[in-house]
Structure formats: C-alpha cells, structure tokens
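Q: Could you walk me through this one? I'm new to it, so please spell out the terms as we go.

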Amino acid sequence: MFPVLQSNLPYLLQGAVYTIILSAIVVSCGTVLGVGIGILASVGGAILRFIITAYIFLFRGVPVLVIMFLGFYSFPALGLRLDAYTAVAISMIVYVGAFVAEATRGAIAGVPTGQTEAAKSLGMRKGKMMREIVLPQAMRLIIAPVLNISLMAIKQTSYASIVGAWELSFAAREVVERTLAAFQIFLGVMLIYFIICYPLSLAARALDKRLAFDS
C-alpha cells in the first residue's frame, strides 16, 4: 500500500529535518526578538512605543508569503547575497517577532496594577519592579500564546519552498514531479506535519487549561 510514498519516505524525512531546523531557528529567535520588543514597548517612551506599534501592526497585517518575498528580493537589492534558506529564516523571525511582541505587551499589561502600585509605594525603582514583579508573571502568561504562535510558524515554513528554500514541501514537490503520485506524497507530508505539530498543540491546550485553572 502506497509504494511510492514508502520508497520516497526517507527523502521526505530529510526535508522534514530541514523544516524542523528552520522552525526551531524561527521560533527561538523570533521569541527572543518579540519578548525584547514587547518589553521595550511597555517601558519605552512615546516615540519608541509608536515605532514598535507600527512594526507590530505592519507585520501582523501582511501575509507571511509577502514578507518572505520582500526578504528574498530585498537582500540582493541591498547588496547582500544570502541563500534562500537564510533569507526566509530572517524574514520569518521578524514576522514571528511581531506576534510575540504583541503577546508580551499584552501579558505585561495584564499584570494587576495593584502589585505595581504597591511596589512603587515601597520605593522600588521601575527597572527592579519590572524585573522582579512584572516580568515573572508576564512570562508565565505568554507561554501558551507563544506555543500557538510556534504552531503557526511551523506550518508557515511550508511557504519557504515558493522562494526556493529546500525543506519538506520543496522535497514533496520534487518527488511529485518525478513520480506524479501527488496523493500519496502529500498524504505523507500531511502526516509528517501532524506528527511535528500535534505535541505542541497538546502542550498549548494543556497550558491554556492550567493557566485558566490557576487564575
């Protein structure tokens, strides 16, 4: 059953490894970028908040494929020669960072104001208050949203094949062009993506329930 899929499965799994690597780079770097920007948006001045808000709204309002195309073609225009994989990774990091930044900003805003007011009354400085009171609670609140954003990012790495980055979807297209067994191959691709994403989906759901119960 599904002989073409079975014979080409090792090649698809090689593509899946590249998808996992790309996803790990995008999610980790995008999370670090987004958390940093979200914190700056919460403690910075009006001009900085305006710039960050514009960045968040711009990248959250544009399809990720457009961002990939911009990244892929803008680097050569600036005189930078990057391979497709690197260009896609940078573009997606900036894209994911916007979503994480908004989640971080919302989590910081969600910390009860009574706690910050109490800290101020004790003479605690803003930096120390942010570090010891606000951020520990905010980081707890953004875990589940970041997992959901990570799921989104993993699925969107499939668009990378359109600009020539070799990963699971690109490998699948190559096999389909060679074998014409589109149903078998993309059924296998669907199952591979499911295996990658389902554990994260379960973790996000469990965290949502736990945080709702704890609150």
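A: Let's start with Glu102, which is partly exposed because its relative accessible area is 25%, where buried means under 20%, exposed over 50% and partly exposed in between, with a 1.4 Å probe and protein chains only. This is a predicted model, in which local features need pLDDT of at least 70 and side-chain atom pairs count only at pLDDT 80 or more, while totals for chains, interfaces and linings use all residues. Residues are numbered from 1 along each chain as its sequence is written, and side-chain values use heavy atoms, leaving out hydrogens and water.

Q: Which residue does Glu102 form a salt bridge with?
A: Its partner is Arg105, with the closest N and O atoms 2.5 Å apart; a salt bridge here is a side-chain nitrogen of Lys or Arg within 4 Å of a carboxyl oxygen of Asp or Glu.

Q: And where do Glu102 and Arg105 lie?
A: Both belong to helix α4, three residues apart, which is about one turn of the helix; helices are DSSP runs of H or I with at least four residues, and strands are runs of E with at least two, numbered from the N terminus.

Q: How many salt bridges does the count come to?
A: By that rule, the count is one salt bridge.

Q: Switching topic, where does Ile21 lie?
A: Ile21 sits in helix α1, which covers residues 3-43.

Q: Why does Ile21 count as partly exposed?
A: Ile21 falls in that class because its relative accessibility is 42%.
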